[in-house]
Amino acid sequence: MKILIACEESQEVCKAFRYRGHEAFSCDILPCSGGHPEWHIQDDVMNHLFKGWDMMIAHPPCTYLAVSGARWFDTRRYEQMNALKFVKALMDAPIPKIAVENPISVISSAIRKPDQIIQPWMFGHEETKATCLWLKNLPLLKPTRIMQKREPKVHMMPPGKDRAKLRSKTYRGIARAMAQQWG
Ligand SMILES: C[S@@+](CC[C@H](N)C(=O)[O-])C[C@H]1O[C@@H](n2cnc3c(N)ncnc32)[C@H](O)[C@@H]1O
């Protein structure tokens, strides 16, 4: 399948699908950090939605959407409206199979409730980080390895210039499950 991984610089999901023989490309305004620039489109993903993809997995920015930032919402209405428009454009893209991923966010009230909420501890990581999935023509993701130890590590990361990038990186166990079950 021809698969677009939208808003992904880490290439975690892109590489998981490539490993299974798919023609996957990550797309991000940033250069990729995953080591495969030949599989990366560095551009605004809006320029690449109409290119005959079979599937898209999208990780849109959550800065103005996540409920963890709710205390800033009143002063960020315009940015939030644009962020929601961006998510809606991804959800409405003319691609047969779509998964949009985001933390617990205003997408649920402004667009629609997620189809599923997953956690890294369901996929072999000893961590908690509620992640919502909005799905089109894709089955719910089945847990692959349930962990008993569960810590909110991602929220305890020390400040640093790469903090936001590291916090938003897709977990390898989740990327593999997507490729295994949806590929
Ligand atoms: C929440 S992060 C997702 C990171 C992803 N989980 C990963 O492992 O690389 C959102 C990403 O969207 C990218 N982004 C923001 N606007 C974009 C656009 N218009 N087109 C493509 N990527 C965009 C950002 O640079 C950022 O890397």
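A residue is near a molecule if one of its heavy atoms lies within 4 Å of it.

Me: In this predicted model, how many residues surround the ligand?
Reply: The model is predicted, and the residues around its ligand include Glu 9, Ser 10, Asp 28, Val 45 and Ser 168, which are the closest. The number of residues that surround the ligand is 17.

Me: Which pocket is the space taken by the ligand, and what percentage of the ligand's accessible area does the protein cover?
Reply: A polar side-chain atom of Ser 10 lies 2.6 Å from an oxygen atom of the ligand, and a backbone N or O atom of Ser 168 lies 2.7 Å from a nitrogen atom of the ligand. On its own the ligand has 600 Å² of accessible area, and the protein covers 85% of this. The space that the ligand takes is the largest pocket.

Me: Which atom of the ligand is 2.6 Å from an N or O atom in the side chain of Asp 28?
Reply: Asp 28 is one of the closest residues to the ligand. At 2.6 Å from an N or O atom in the side chain of Asp 28, the ligand places an oxygen atom.

Me: Is Gln 80 buried or exposed?
Reply: Gln 80 has its place in helix 2, which spans residues 77-91. Its relative accessibility is 8%, and the cut-off for the buried class is under 20%. Because of that 8%, Gln 80 counts as buried.

Me: The side chain of Gln 80 reaches which backbone oxygen?
Reply: Leaving aside residues up to four places away in sequence, Gln 80 touches Tyr 64, Leu 65, Phe 73 and Val 106. At 2.9 Å, the side chain of Gln 80 reaches the backbone oxygen of Tyr 64.

Technical notes:
Residues numbered from 1 in each chain as written. Predicted model: local features only at pLDDT ≥ 70, side-chain atom pairs only at ≥ 80, totals over all residues. Heavy atoms only, no water. Helix = DSSP H or I, 4+ residues; strand = E, 2+ residues; numbered from the N terminus. Buried < 20%, exposed > 50% of the residue type's maximum accessible area, 1.4 Å probe, protein only. Polar contact = N/O pair within 3.5 Å; in protein donor to acceptor, adjacent residues only side chain to side chain. Contact = heavy atoms within 4.5 Å. Areas by Shrake-Rupley, 256 points an atom, 1.4 Å probe, with all protein chains shown as cover. 1 Å grid on protein atoms, 1.4 Å probe; cavity = no way out; pocket = protein on both sides within 12 Å on 5 of 7 lines; lining within 4 Å. Sits in = over half its atoms within 2 Å of the grid points.
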